[in-house]
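Colleague: I've got this model open and I'd like to learn how to read it. Can we go through it together?

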Amino acid sequence: MRIYEELFIVKPDAPDEEVDALVEQLRTHLTNLGATVDKVDKWGKRRLAYKVDKYREGSYVLFQFTAKPEHVYEFERRLRVTDAVLKFLTVRVDETMKRLEKRKKERDKRAAKRAANAPASPAPGPAPSLGQPISESPAAMPGMPKES
């Protein structure tokens with residue numbers, strides 16, 4: 001079982017009842033196949049980046065579900081044959097999560113190694129007070145003429 005996100009765009013002239021019916025139909029189809037639907041977000045109408053089938057905007061719907069790959073193929077087939085759906089995109093999310101988790105472990109390992117190898121900072125000595133001269137004789141200062 002893998003985690004997927006499916007984003008699809010429905011025609012903007014489709015009534016909300018039709019969009020709700022489509023979402024519910026897809027949800028029941030996935031659960032009948034044995035998948036679990038984790039989240040369904042209806043983003044509402046948004047402007048498209050370019051015209052799709054003479055439409056400038058569409059209703060966006062995001063599904064997040066856990067399923068086997070063959071269930072995803074069937075889900076995409078249903079979206080392809082549904083007239084109300086303009087476009088869809090399927091993304092496998094668990095691969096990204098694994099990659100991010102691996103990077104985080106490597107980062108934590110490097111940070112722990114750096115902390116273990118860092119030298120202890122030297123203890124600061126006593127600071128000179130403001131009223132004391134830095135050197136006893138003025139001749140000891142560089143650039144001053146030596147007294148003979």
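Modeller: Keep in mind that this is a predicted model. Let's begin with strand pairing: strand E1 (residues 2-10) runs antiparallel to E3, and nine bridges join the two. Within that pairing, Leu7 sits opposite Leu62 of E3.

Colleague: What is the order of the strands in the open sheet?

Modeller: The order is E2-E3-E1-E4, four strands with antiparallel pairing. Strand E2 (36-52) and strand E4 (85-92) are the edges, since each pairs on one side only. On average, neighbouring strands are turned by 20° against each other, direction ignored.

Colleague: Is Ser59 buried or exposed?

Modeller: The cut-off for buried is under 20% relative accessible area. Ser59 has 9% relative accessibility, so it counts as buried. Ser59 belongs to strand E3 (residues 55-67), and its contacts beyond four places in sequence include Phe8, Val10 and Gly44.

Colleague: Now the helix H1. Which residues of H1 are buried?

Modeller: Those are Val19, Leu22, Val23, Leu26, His29 and Leu30. They cover an arc of only 130° around the axis, which puts them on the same side of H1. On the face turned away from that buried side you'll find the exposed residues Glu17 and Asn32.

Colleague: And what do the buried residues of H1 pack against?

Modeller: They pack against E1, E2, E3, E4 and helix H2 (69-81).

Terms used:
Residues are numbered from 1 along each chain as its sequence is written. This is a predicted model: local features need pLDDT of at least 70, side-chain atom pairs count only at pLDDT 80 or more; totals for chains, interfaces and linings use all residues. Side-chain values use heavy atoms; hydrogens and water are left out. Buried means under 20% relative accessible area, exposed over 50%, partly exposed in between (1.4 Å probe, protein chains only). Contact means heavy atoms within 4.5 Å. Two strands pair if DSSP finds at least two bridges between them. Axes are lines fitted to C-alpha atoms, for helices over the stretch in contact, and angles run from 0 to 180 degrees between N-to-C directions. The arc is that of the directions from the helix axis to the C-beta atoms.
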